[in-house]
Amino acid sequence: MKMLLQLFLAFAKIGGFTFGGGLAMLPMMQREIVEKRGWATQDELFDYYAIGQCTPGIIAVNTATFIGCKKKGLPGGIAATFGVVAPSVVIITVIAACIQSFQDVPAVQWAFDGIRPAVVALVFNAVLQIGKKSLTDLFAVLIFLAVAVLAFFTNVSPAVFVLCAGVLGILLKGGKRRAPSA
Amino acid sequence: MPLLLELFLRFFYVGLFSVGGGLATLPFLREMGEKTQWFTPAQLSDLVAVSESTPGPMGINMATYVGYTTAGLPGSIIAVLGEVAPAIIIIMIVSRVLLKFRSNKYVDWAFYGLRAASAGLIAVSCLSVAQLALFKTDVFAATGSFFAAVNYWALALAAVVFVFLRVFKKVHPIVFIAIGAAAGIAFHLIAQV
């Protein structure tokens, strides 16, 4: 029980003090989980992160589940996950409550008029970073372009693109492997 | 269907199919907004700003926000539970077969295609956020002129923030959100004078 509480608190601290999630959480995880508590080695943490990045769900949550699982099985995974999301739920609920009642204040609307272009820049920058990491060759670029064009002009669910691209990845890479021997 | 159950199921779906975290949930939220009318594209864009400038994983912040605006506090808790449930189930299974999963070539190949698709989906989300922030759709509808409809002030602000982002890589996103907010208020005050 004490371990579960420790898992919850450690991850609540990580969730409450990092902005942006995902990769922004890595340094904090390193300090809290590897250096301070020794719950995982550096290599293990990177492995969890790599898997967290390519399995469905939110990277920070996936990593928390992994470490919780390793320490205390299913209850540990749940305690760590609840810990990492708890600060978000509290903070965002408070903000959402305030924003709803402040929505009619002109200054709030003006602020969002400026925030929206800033968000465009942030998202665009994220696209560049993700592109650099995931578009490793011509086929990947083609999949990227095909999905982008189809998603822009059609109303097909994103899930369909994700699933098709997964199958396509297996076919392309598998075909490439066999090609030289054939 | 009861609202809370629908919230849980819709976010379960988002958590199950969005790979890569945070912004990867954006295309799914767009789809959700269109289907349910729970929030408009403009609200979704504000939601990204709020999520980026508050602590915690972005995907969770977005789920909390949508859940709260849709069904209050129970809504925010249910939405978050829905979003993390697939991850808990999947990671639980994966952690048991960790080594097999890591060295399986088919899994590796699938993720090769999947990451590219994920990047494509996020790029389209970026376009829709940009359209909303930098383009006056009503002016375009009225005049038919592309250049008259561009919001040059917003475009310039986005460009400046982008340059800052590339130059000061260590600076926290919240700083840029704050700069945007200050610029927005300043612009309106100056315009009023």
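## Basis of the model

This is a predicted model, in which local features need pLDDT of at least 70 and side-chain atom pairs count only at pLDDT 80 or more, while totals for chains, interfaces and linings use all residues. Residues are numbered from 1 along each chain as its sequence is written, chains are lettered from A and ligands numbered from 1 in the order in which they are written, and side-chain values use heavy atoms, with hydrogens and water left out.

## Organisation of the chains

Chain A contains 7 helices and 0 strands; helices (H or I, at least four residues) and strands (E, at least two) are DSSP runs, numbered from the N terminus. The order of elements from the N terminus is α-α-α-α-α-α-α. Of the 182 residues in chain A, 50% are buried (buried means under 20% relative accessible area, exposed over 50%, and partly exposed in between, with a 1.4 Å probe and protein chains only). Among contacts in chain A with a separation of 6 or more, 46% come from residues 24 or more positions apart, a contact being heavy atoms within 4.5 Å.

For chain B, the domain assignment gives domain 1 (1-115) and domain 2 (135-193); such bounds come from an automatic or database domain assignment. The C-alpha centres of these two domains of chain B are 28 Å apart.

## The interface between chains A and B

The size of an interface is often given as the accessible area lost when the parts come together. Chain A and chain B bury about 8000 Å² between them, with 79% of it on carbon and sulfur atoms (buried area is the accessible area, taken with a 1.4 Å probe, that two parts lose on being put together, summed over both). In this interface, 88 residues of chain A are in contact with 94 residues of chain B.

Between chain A and chain B there are 5 residue pairs in polar contact, both residues being at pLDDT 80 or more. A polar contact is a pair of N or O atoms within 3.5 Å; within protein, one must be able to donate a hydrogen and the other to accept it, and residues adjacent in sequence count only if both atoms are side-chain atoms. Several helices of chain A each supply at least two residues to the side that touches chain B, among them H1 (2-17), H4 (59-102) and H7 (158-178). Helix H4 of chain A gives the most, with 23 residues.

## Thr65 in helix H4

Thr65(A) is found in helix H4 of chain A and counts as buried, at 0% relative accessibility. Its side chain is joined to that of Thr81(A) by a polar contact of 2.9 Å. Leaving aside residues up to four places away in sequence, Thr65(A) touches Gly77(A), Thr81(A), Ile88(B), Ile91(B) and Met92(B).

## Salt bridges

A search of the whole structure finds 6 salt bridges over all chains, where a salt bridge is a side-chain nitrogen of Lys or Arg within 4 Å of a carboxyl oxygen of Asp or Glu. Across the interface of chain A and chain B, the count is 0. In chain A, Lys13(A), Glu32(A), Lys36(A) and Arg37(A) are linked in a network of salt bridges. Glu32(A) is buried at 2%; its side chain meets that of Lys36(A) at 3.5 Å, N to O, and that of Arg37(A) at 2.7 Å, N to O. Lys36(A) is exposed, at 52%, whereas Arg37(A) is partly exposed, at 31%. Because Lys36(A) and Glu32(A) are 4 residues apart in helix H2 (residues 26-36) of chain A, about one helical turn separates them.

In chain B, Glu31(B) forms a salt bridge with Lys35(B), with the closest N and O atoms 3.3 Å apart. Glu31(B) is buried, at 11%, and Lys35(B) is exposed, at 55%.
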